[in-house]
Amino acid sequence: MKRTLSVLVENRPGVLTRVAGLFSRRGYNIDSLAVGRTENPSISRMTIVVDGDEQIIEQVCKQLNKLIDVIKLSDITDDPHVGRELMLIKVNAEPAVRGEIMQIVDIFRARIVDIARNSLIIEATGDADKIDALENSLRPFGIREVVRTGKIAMLRGARTKGMEASGDGTGV
Amino acid sequence: METKKLTGSEIIIKALQAEGVDTVFGIPGGAVLPLYHELAVASIRHILTRHEQAAAHAAEGYARASGKPGVCIATSGPGATNLVTGIANAYMDSIPIIAITGQVGLAMIGRDSFQEADITGITMPVTKANYLVKSIRDLAATIHEAFYVATTGRPGPVLIDIPKDITTQRAAFHYPPRLRLPGYRSRVEPHALQVAQAAAAIQAAEKPLLFIGGGVITSGAHEEVRQLAEEQDIPVIMSMMGKGAFPETHPLFAGMVGMHGTAAANYAVCETDLIIGVGVRFDDRVTGKIEAFAPRAKIIHIDIDAAEIGKVVPAHIPIVADARQALQALLARLPEKRERPAWRQRIRRWQEEHPLRYDECGLKPQYVIEELYRLTRGRAIISTDVGQHQMWAVQYYPVDRPRAFLSSCGLGTMGFGVPAAMGAAVARPDETVVAITGDGSFQMNIQELATLSHYRIPVKIILLNNGYLGMVRQWQEFFFDRRYAYSELAGNPDFVKVAEAYRLPARLVAAREEVVPALQEALETDGPFLVDILIDREENVFPMVPPGGTLNKMVTGGRQE
């Protein structure tokens with residue numbers, strides 16, 4: 001079972017190591033982890049996709065919550081949300097097959113961002129299913145390299161996974 | 001008005017004083033020279049240990065015995081890495097210690113400088129929090145935060161790594177600085193609905209058991225535990241961490257549960273219909289085979305750490321809260337009196353049918369501990385190392401008050417006992433402090449005889465000497481065809497001579513009748529004392545539940561019950 005966790009963390013040195021270390025130490029599997037700063041530069045958001053049964057996910061969440069740098073954690077899997085990842089894919093493209101590749105790129109609303117004599121770089125965004133499908137469609141041409149960002153996610157509608165925190169020493 | 005600026009070293013001292021620190025344990029070295037320069041003239045007492053590991057254990061012993069955080073100091077690199085075992089030990093047993101380490105200068109970090117080690121990286125998995133101070137402006141706030149985090153919620157060790165140049169820079173000093181911990185919640189109120197459910201479950205239960213652990217001692221909930229047990233007529237079992245949280249001489253006490261627990265406690269777990277776990281984490285040494293643990297029971301699990309709930313055993317009624325607050329809320333919801341004579345008598349029967357027992361011939365370690373109990377009237381603070389002697393100490397030295405039994409429970413660190421006793425004796429100078437150790441464990445921090453001797457710290461060391469890594473030998477006897485692979489300590493020194501070389505009085509005991517006079521002499525002599533007791537070499541710890549076994553399948557004296 002894959003779950004998507006949206007985690008607000010203090011933008012302090014070592015916070016990524018702490019989170020990643022927790023996963024390896026307790027034997028949890030990270031599917032993907034994407035991190036970047038939020039609208040508040042002192043706070044970063046991590047989107048973590050984790051695979052495991054219910055008990056493991058519960059432990060992951062509780063253990064993450066114990067980290068002092070973790071301000072707030074939400075499992076947004078079951079909330080309506082927009083989930084996206086970005087892929088760059090370098091694919092073999094002899095001049096004879098370029099037209100076919102460009103058709104596939106169009107269907108997936110992806111873009112060609114670089115071209116060399118025998119290869120192309122394609123940029124695509126979307127949910128994991130779409131990215132996987134594009135990758136599969138391009139496989140017959142020969143994939144040279146794939147880079148994926150991992151999922152980032154945001155709740156639909158006006159709701160936010162806000163900064164409000166209930167920790168000690170806030171508002172003191 | 002211009003505030004006088006202080007050096008980083010002065011700020012550290014002032015902050016420690018503001019946090020109420022009266023004693024620190026440590027060893028100076030290059031990166032902490034400026035700090036030690038100030039420490040030498042400060043009102044804080046510094047105990048110079050002979051190995052940094054012992055400083056960490058001593059800080060832990062101090063914390064366990066006093067309830068206040070213990071502080072240890074080490075220099076960068078090897079000084080800091082030598083603390084790691086002690087820090088890990090405190091982490092596993094949730095004991096608040098503050099480790100202050102020197103670090104190479106800021107500009108030297110990351111260059112593999114002399115005596116550089118990434119100690120915040122190394123200790124990340126074994127600290128509740130750790131900090132590398134990168135600016136003198138953050139120093140005071142970091143120290144304050146470290147003490148706050150170490151001592152609140154589920155306590156634990158916190159490390160502060162301070163580069164050398166920061167200890168000589170200057171900054172204004174304001175204390176306490178403002179705490180800003182948006183991601184840290186230490187106070188959790190017991191949930192009223194959960195408490196109500198727990199109260200209903202207790203009233204419905206025919207055969208409830210109170211299972212208490214270290215969290216009871218941490219939160220000071222021993223009176224509430226006693227009240228709950230007595231008013232609701234609930235027998236009490238404990239983990240090793242819970243020793244002292246309920247009087248072991250109390251008629252409702254059924255013993256320690258688990259691998260070397262009492263038969264009564266282990267049988268009771270197999271029959272109980274309700275376990276009220278308070279400040280426990282259901283360690284594998286307690287549960288044995290998880291699927292067979294308390295098969296008929298509902299479980300109420302009270303713990304301040306939400307991550308403990310459901311980690312090992314599913315809790316039917318979880319209460320995430322401080323143990324004392326949760327028990328007070330629970331007591332308020334329960335009727336004043338309840339009798340459960342049948343269940344109480346059933347446990348009494350098990351206690352009578354399966355008491356702890358040993359063969360009285362020869363020089364038995366159990367006899368030594370029984371005599372120690374008698375001579376100290378059960379009022380000593382006992383610190384143990386790890387192994388057979390530790391289990392005998394648990395079994396034969398009943399403890400009736402919290403913070404009087406100190407042992408490395410979760411990590412199982414040989415070498416803990418003597419330095420922890422040292423810390424306890426410094427924290428509680430009015431008490432008799434006894435370190436019960438074995439010849440294997442003792443040699444893992446034997447250099448601390450120098451510290452005991454230097455400061456005349458009155459620790460009485462009872463060395464149960466069998467010339468083996470005894471617990472290893474016992475496992476080899478039971479599970480590895482009696483092939484005693486490297487568990488015999490053939491090169492042991494004459495421990496009495498070693499003690500005397502450190503100017504510590506010591507006695508050798510080779511016969512049963514010498515035990516009492518030697519213990520008396522140790523207890524009556526001022527200052528530290530070593531009693532080296534040559535116990536029966538192949539004595540085993542019973543009962544024993546084989547690892548991963550079911551609690552009611554105990555081996556007792558070589559027989560399967």
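This is a predicted model: local features need pLDDT of at least 70, side-chain atom pairs count only at pLDDT 80 or more; totals for chains, interfaces and linings use all residues.
Which residue of chain A forms a salt bridge with B:Arg180, and how far apart are the closest N and O atoms? The partner is A:Glu10, and the closest N and O atoms of the two residues are 2.4 Å apart.

## Where chains A and B meet

The interface brings 25 residues of chain A into contact with 27 residues of chain B. Between them the two chains bury about 2,100 Å², and 45% of this area lies on carbon and sulfur atoms. On the side of chain A, the residues that lose the most area to chain B are A:Arg18, A:Ile68 and A:Asp168, which together account for 33% of what that side buries.

Across this interface there are 3 salt bridges, and 8 residue pairs are in polar contact. The elements of chain A that give two or more residues to the side touching chain B are helix H1 (15-26), helix H2 (54-66) and strand E4 (70-75). The largest share of that side, 7 residues, comes from H2(A). Sorted by class, the side of chain A that touches chain B has 6 nonpolar, 10 polar and 9 charged residues.

Two residues of helix H2 illustrate how this helix takes part. A:Gln63 lies in helix H2 of chain A, and it counts as buried because its relative accessibility is 4%, which is under the 20% limit for that class. Leaving aside its neighbours within four places in sequence, A:Gln63 is in contact with A:Leu22, A:Arg26 and A:Tyr28, and also with B:Ala307 of the other chain.

The second residue is A:Lys66, which forms a salt bridge with B:Asp305, with the closest N and O atoms 2.5 Å apart. A:Lys66 lies in helix H2 of chain A, while B:Asp305 lies in the loop between strand E13 (298-303) and strand E14 (317-320) of chain B, so the pair joins two chains.

## Salt bridges in the whole structure

Over all chains, a search of the whole structure finds 43 salt bridges. Four of them are set out here.

| Residue | Partner | Closest N and O atoms |
|---|---|---|
| B:Arg180 | A:Glu10 | 2.4 Å |
| A:Lys66 | B:Asp305 | 2.5 Å |
| B:Glu431 | B:Arg401 | 2.9 Å |

B:Arg374 and B:Glu371 are 3 residues apart in helix H14 (residues 365-375) of chain B, and are therefore separated by about one helical turn. B:Arg374 is partly exposed, with a relative accessible area of 48%, while B:Glu371 counts as buried at 12%.

B:Glu431 and B:Arg401 form a salt bridge that links distant parts of the chain, since they are 30 residues apart, with B:Glu431 in the loop between helix H16 (417-427) and strand E17 (433-438) and B:Arg401 in the loop between helix H15 (388-396) and strand E16 (405-406). Both residues fall under the 20% limit for buried residues, with B:Glu431 at 19% relative accessible area and B:Arg401 at 15%. Elsewhere, salt bridges that share partners join A:Glu10, A:Arg12, A:Arg18, A:Asp69, B:Glu145 and B:Arg180 into one network.

## Inside chain B

An unreviewed UniProt entry places the feature "domain: Thiamine pyrophosphate enzyme central" at residues 195-330 of chain B. Over these residues the chain is 35% helix and 20% strand, and the end C-alpha atoms are 6 Å apart. In helix H9 (residues 222-232) of chain B, the buried residues are B:Glu224, B:Val225, B:Leu228, B:Ala229, B:Glu231 and B:Gln232. These buried residues pack against helix H7 (192-204), strand E9 (208-212), helix H8 (214-219), strand E10 (236-238) and helix H12 (323-333) of chain B. Just after H9(B), B:Asp233 takes a positive phi of about 55 degrees.

Another part of chain B is the loop between strand E20 (529-534) and strand E21 (555-556), where B:Asn540 is placed. B:Asn540 is buried, with a relative accessible area of 8%, and its contacts beyond its neighbours within four places in sequence include B:Gln366, B:Trp392 and B:Phe478. A polar contact of 3.2 Å joins the side chains of B:Asn540 and B:Glu477.

Technical notes. Residues are numbered from 1 along each chain as its sequence is written. Chains are lettered from A and ligands numbered from 1 in the order in which they are written. Side-chain values use heavy atoms; hydrogens and water are left out. UniProt positions are given in the numbering used here, feature names are shortened, and annotations may be inferred rather than shown by experiment. Helices (H or I, at least four residues) and strands (E, at least two) are DSSP runs, numbered from the N terminus. Buried means under 20% relative accessible area, exposed over 50%, partly exposed in between (1.4 Å probe, protein chains only). Contact means heavy atoms within 4.5 Å. Buried area is the accessible area (1.4 Å probe) that two parts lose on being put together, summed over both. A salt bridge is a side-chain nitrogen of Lys or Arg within 4 Å of a carboxyl oxygen of Asp or Glu. A polar contact is a pair of N or O atoms within 3.5 Å; within protein, one must be able to donate a hydrogen and the other to accept it, and residues adjacent in sequence count only if both atoms are side-chain atoms. Ala, Val, Leu, Ile, Met, Phe, Trp, Tyr, Cys and Pro count as nonpolar, Asp, Glu, Lys and Arg as charged, and the others, Gly among them, as polar.
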